[in-house]
Amino acid sequence: MKHLFFYLSELKKILKGRNVSLFVDYDGTLTPIVKTPDKAVIPQKTRAVLRDLSKNRHCRVAVISGRALKDIKKKIGLEDIVYAGNHGLEIEGPGIRFKVPVSLRYKAALKRIKDILRKRLSKIKGIIVEDKGLTLSVHYRLADKKDERLLKAIFREALGYYIAGNKIKIRPGKKVLEIRPPLEWNKGKIVLWLLARRRHLPGGKNNAPVYIGDDVTDEDAFIALKDIGLTVFVGDPGKTGAKYYLRNTREVTRFLEQILKIKTDEEICQN
Ligand SMILES: [Mg+2]
């Protein structure tokens, strides 16, 4: 697999003279993974470069996260960018407002599941059951490694009925299990959906989509952009559909600075 910084000249060629539609994940991509989700704060430097990118007329920025929309908006706090929360079940940005419709039956099931899980998982230390409105997340980063099997057993037993009846879907991530509506709606579909909207396409066809992410849920986006975009995995390169990788969130910030530099230099040349 290719480390992105060894291919900077290739990168410049791809991005030069084209408009950039930048898609970034949050946890593990813009901020290092931390013990509890509320402690993940975006570094000043990263936030500043995202802001400058969003203000550049050749760039569009979208943050796509598993967090609830309200949460991710607050964490970043920038205007003029698109926020996709709950892995795209709710999207908001300049000229965009979208929320996937879910049935009352699903909402009722989710509430029941939350009650069941909070009760049954209370015997395991370090589990957080987070209510994200349209979804639930069970975080187990703080739990003892030896309790993970018990957690998964309780989880399967409590949710078997709902999974078998296709009433919910489970999506695993890094030390988290997410319960979501039974829809085929993933980060790949969201990226293509946003690209199909003119507002996220500053320059029609002359557009370079860039996607950066670190988790299994980002793989759908890597596949969706395989032939049309620049895809970047964050972490130790292993099995991923992305073309390039960066080692950590610091390198992601440096890469964002590179994109900004390429685009700012172009603007100076044009003026
Ligand atoms: Mg992530």
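Analyst: This is a predicted model. Begin with the contacts of T135: leaving out residues up to four places away in sequence, T135 touches N86, L89, E178, I179 and R180. T135 sits in the loop between β7 and β8.

User: Is T135 buried or exposed?

Analyst: The cut-off for burial is 20 or more other C-beta atoms within 10 Å. T135 has 24 within that distance, so T135 is buried.

User: How should I read the sides of a helix, and which residues of α4 are buried?

Analyst: An α-helix has 3.6 residues a turn, so residues three or four places apart point the same way. In α4 the buried residues are A109, L110, I113 and L117. They lie on the same side of α4, because they cover an arc of only 100 degrees around the axis. The face turned away from that buried side carries the exposed residues L104, A108, K111, R112, D115 and K119.

User: What do the buried residues of α4 pack against?

Analyst: They pack against β7 (128–131), β8 (136–139), α5 (148–164) and β10 (176–180).

User: Which residues have the most contacts inside the largest nonpolar core?

Analyst: That core has 50 residues, and those with the most contacts inside it are F23, A62, V63, V191, Y211 and V232. Strand β3 (residues 59–64) gives the most to this core, with five residues. Apart from it lies another core, of 14 residues, including L136, V138, L151 and I179.

User: Which residues does Y211 contact, leaving aside neighbours within four places in sequence?

Analyst: Y211 is in contact with F23, V191, A221, F222, L225, G229, T231 and V232.

Terms used. Residues are numbered from 1 along each chain as its sequence is written. This is a predicted model: local features need pLDDT of at least 70, side-chain atom pairs count only at pLDDT 80 or more; totals for chains, interfaces and linings use all residues. A residue is buried if 20 or more other C-beta atoms lie within 10 Å of its own, exposed if 12 or fewer, and partly exposed in between; C-beta atoms are placed from the backbone. Helices (H or I, at least four residues) and strands (E, at least two) are DSSP runs, numbered from the N terminus. The arc is that of the directions from the helix axis to the C-beta atoms. Two residues are in contact if their C-beta atoms, placed from the backbone, lie within 7 Å. A nonpolar core is a set of buried Ala, Val, Leu, Ile, Met, Phe, Trp, Tyr and Cys residues joined through C-beta atoms within 7 Å.
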